[in-house]
Amino acid sequence: MPILLILILAIIIAQVGFWKTLGSILGAIAMIVLLIFLVVVAIGILGAILTRRAKRRF
């Protein structure tokens, strides 16, 4: 009986560790996606500013 209890406890600990690890990986992926999105938005804003300045000169 104690062996069964130890196995169940090990499975529970493994599941919690798995979900925390999965959450960490998904969080890291979300941060990378957010960084790429912010870079694209910054390039778009810079392009709009440069386009407006170019229209004023000509």
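Rings of Phe, Tyr and Trp (for Trp, the six-membered ring) count as a pair if their centres lie within 6.5 Å; planes under 30 degrees apart are called stacked, over 60 edge-to-face, and the rest tilted. The structure holds one aromatic pair. The ring centres of Phe 18 and Trp 19 are 5.0 Å apart and their planes stand at 70 degrees, so this pair is edge-to-face.

A word on the model itself: it is predicted, so local features need pLDDT of at least 70 and side-chain atom pairs count only at pLDDT 80 or more, while totals for chains, interfaces and linings use all residues. Residues are numbered from 1 along each chain as its sequence is written, and side-chain values use heavy atoms, with hydrogens and water left out.

How open are the two ring residues? Residues under 20% relative accessible area are buried, those over 50% exposed, and those in between partly exposed (1.4 Å probe, protein chains only). Phe 18 is partly exposed, with a relative accessible area of 45%, whereas Trp 19 is exposed, at 53%.

Next comes helix H1, which covers residues 2-57; helices here are DSSP runs (H or I, at least four residues), numbered from the N terminus. Gly 44 is partly exposed, at 42% relative accessibility.

Patches are made of residues with over 30% relative accessible area and no salt bridge, joining like charges within 9 Å and nonpolar side chains (Val, Leu, Ile, Met, Phe, Trp, Tyr) within 5 Å. A salt bridge places a side-chain nitrogen of Lys or Arg within 4 Å of a carboxyl oxygen of Asp or Glu. Arg 52, Arg 53, Lys 55, Arg 56 and Arg 57 form a positive patch, and Arg 56 is exposed, at 71% relative accessibility.

Technical notes: Accessible areas come from the Shrake-Rupley method with a 1.4 Å probe; for residues, only the protein chains shown count as cover. Lys and Arg count as positive and Asp and Glu as negative; His and the chain ends are not counted. The place of a charge is taken as NZ of Lys, CZ of Arg, CG of Asp or CD of Glu. Helices (H or I, at least four residues) and strands (E, at least two) are DSSP runs, numbered from the N terminus.
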